[in-house]
Amino acid sequence: MSHPILSEFDIVFAGGGTTACVVAGRLAAYDPSLRILILEAGQHTLNKPIHVQPYQYPFNQAPTSTTVTFHVGNPSPRLNGRAPIVPSGRCVGGASCVNFMVYTRAPASDYDDWGVDGWESENLIPLMKKLETYEVQPDRPTHGYDGPIKVSSGGCKLGISDEFIQVGTTYHKRQYADDTNDLETCNTYSPWQKYIDGTTGRRSDAAHHYVYNQAHNPNLQVWDGKRVKRIIFEDKRAVGVEFANDPVSCPDADQSSSIVRASKLVVVSAGAFGSPTILERSGIGAEAILKRCGVEQLVNLPGVGENYQDHNLVFVPYLAADEAVTMDALWRGDSILQESLAEWNSSGKSLIAQNGLDSKIKWRPDDEELKAMDPAFQPRWKEFFQDRPDKAVAIFCVFAGHVQPLSKPLVLPPRRYMCTGYYTLYPVSAGSVHINVTDDGKEEMDFTTGFLDDPSDIVPLNFGYKKTRELLRRMASYRGEVAAGHPDFPEGSAAVCREASGPVDLNAPDIVYTTEDDEAIDRFHRDIMQTTWHSLGTCAMKPEADQGVVDARLNVYGVSNLKVADMSISPLNVGTNTYSTALLIGERAAMIIAEDLGINCI
């Protein structure tokens with residue numbers, strides 16, 4: 001069957017998310033004569049309020065949203081038979097246009113642990129600095145001050161976050177630091193900076209700051225609403241991309257395929273879900289999977305789609321004092337919204353330029369906490385964490401407002417709320433993402449999250465519930481728990497959730513949990529634990545013999561003129577919200593491609 005060939009470009013990107021925007025934008029700036037095309041299934045994000053107004057980020061996760069794709073995982077007995085839902089960005093700019101905007105960076109050692117030539121932290125730190133303008137404090141050696149991505153404290157301060165830090169540095173006996181994103185500081189309470197422009201109050205995403213700002217260059221093109229089907233090869237050399245109108249973005253458009261040719265390079269940049277499945281549809285993957293789906297094999301690469309990883313997150317809601325400043329009224333669309341928008345439009349300030357997250361701790365258990373944790377975690381602690389003091393087990397934080405969990409949405413009466421969030425950064429469990437064909441010939445995804453498969457993974461979550469509850473009960477704005485969003489403790493338990501008139505004393509005894517209470521907490525986590533939207537690893541940058549998919553130069557093994565550049569290349573998990581790593585991969589990939597093409601990238 002012949003497909004119409006629309007035109008030819010030098011470089012074609014299959015996917016238009018965070019990393020694709022960084023790479024394409026940098027290459028276009030280095031050499032404006034390069035003909036570059038980005039194909040993105042989702043729609044444009046240019047100046048759309050849902051993307052540029054920070055407070056709107058939760059609306060991208062609404063069940064009716066088309067700015068993310070909701071991937072449904074296979075049901076798992078470890079999740080009490082639940083089929084977990086994992087969204088990924090689905091718009092120009094990808095997750096950078098829909099994420100929570102929290103600025104977190106992994107310890108430098110995470111990149112050294114990859115063991116990949118050219119990707120050591122000493123080579124990456126200059127790129128981390130190059131990509132950012134750190135508006136928070138001057139003259140910090142690991143931060144950058146003239147990059148495209150702005151980092152600030154947001155449009156106003158939230159008292160709830162100060163309370164969290166105050167309780168953390170007294171009751172929880174941890175230190176305070178004003179910067180825990182210096183690539184090594186850990187186990188310390190700190191403010192949480194944001195990917196928000198401190199002057200304009202707008203989200204700082206990859207689409208606006210790498211691509212849309214080059215609208216003057218006709219050689220850099222973005223075609224939205226285009227779903228990539230597969231890569232076109234001639235003798236194992238990638239020469240183009242087959243795509244069609246995306247049925248969600250373009251429901252009334254013709255669904256027949258077209259081909260666009262790439263004279264120099266094809267870059268697959270469709271994320272941890274899109275990249276492996278594009279490769280498999282193109283004949284690159286494990287023999288059994290391709291055979292089952294009727295795809296002729298071009299290269300036997302069994303690592304494609306394996307090594308799926310994420311972070312494990314739990315949201316737990318609490319009642320807040322009537323006088324507390326929270327995001328709830330804005331998210332409900334109350335009258336304060338118009339005042340806040342007016343202020344934001346004139347000054348870039350107000351709660352519009354907020355995400356409700358102003359403080360955190362990258363937490364490591366102390367000796368006493370380790371003793372209180374289930375022994376199933378001890379081997380993991382000794383083997384991985386004990387001698388690596390820069391690696392946090394989890395991040396604990398507080399939201400000024402109620403954020404809906406993906407697994408168990410709650411309809412709550414209008415008032416002020418707070419939420420704890422706790423998520424583990426290096427869970428052991430891993431899953432996979434593959435193509436599949438149903439009995440009636442329809443393509444679907446065979447997605448296994450692996451969440452909580454390893455018995456050590458749930459232990460820090462169970463402890464995290466108890467510790468964050470103790471922190472919140474001591475905060476001045478605490479007015480009790482939202483029982484429907486907590487474990488179902490047995491009647492008469494000291495842990496039963498209820499409304500309260502105020503916080504307990506800083507020195508009050510901790511809640512004593514019985515065996516039955518612990519079982520309720522464990523059940524609760526298996527019912528509600530969810531993705532942190534940090535999917536990675538499915539086209540790992542590792543040796544081919546070790547189930548790798550790409551080499552250190554991002555070349556796909558066994559073919560030429562084909563690279564992968566996105567979070568799917570990460571061979572190991574990273575202790576961070578992954579936007580910072582996606583940007584970094586983009587900067588490194590742009591350098592690699594420029595070097596390959598003989599372009600000066602200074």
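The expected span of a helix is taken as 1.5 Å times one less than its number of residues, where helices are DSSP runs of H or I of at least four residues, numbered from the N terminus. The model is predicted, so that local features need pLDDT of at least 70 and side-chain atom pairs count only at pLDDT 80 or more, whereas totals for chains, interfaces and linings use all residues. Residues are numbered from 1 along each chain as its sequence is written, and side-chain values use heavy atoms, with hydrogens and water left out.

The axes of helix α13 (residues 458-473) and helix α14 (residues 515-528), fitted to C-alpha atoms over the stretch in contact, come within 10 Å and cross at roughly 115°. This makes α13 roughly perpendicular to α14, a class that covers angles of 65 to 115 degrees. Contacts (heavy atoms within 4.5 Å) join residues of α13, including Ile458, Leu461 and Tyr465, to residues of α14, among them Ile521, Phe524 and His525.

Zero disulfides are present, a disulfide being a pair of cysteine sulfur atoms within 2.5 Å. The sulfur of Cys186, a buried residue with a relative accessible area of 12%, lies 15 Å from the closest cysteine sulfur, in Cys397, which is too far for a bond.

Terms used. Buried < 20%, exposed > 50% of the residue type's maximum accessible area, 1.4 Å probe, protein only. Axes fitted to C-alpha atoms, helices over the stretch in contact; angles between N-to-C directions. Helix = DSSP H or I, 4+ residues; strand = E, 2+ residues; numbered from the N terminus. Parallel < 35°, antiparallel > 145°, perpendicular 65-115°, else oblique.
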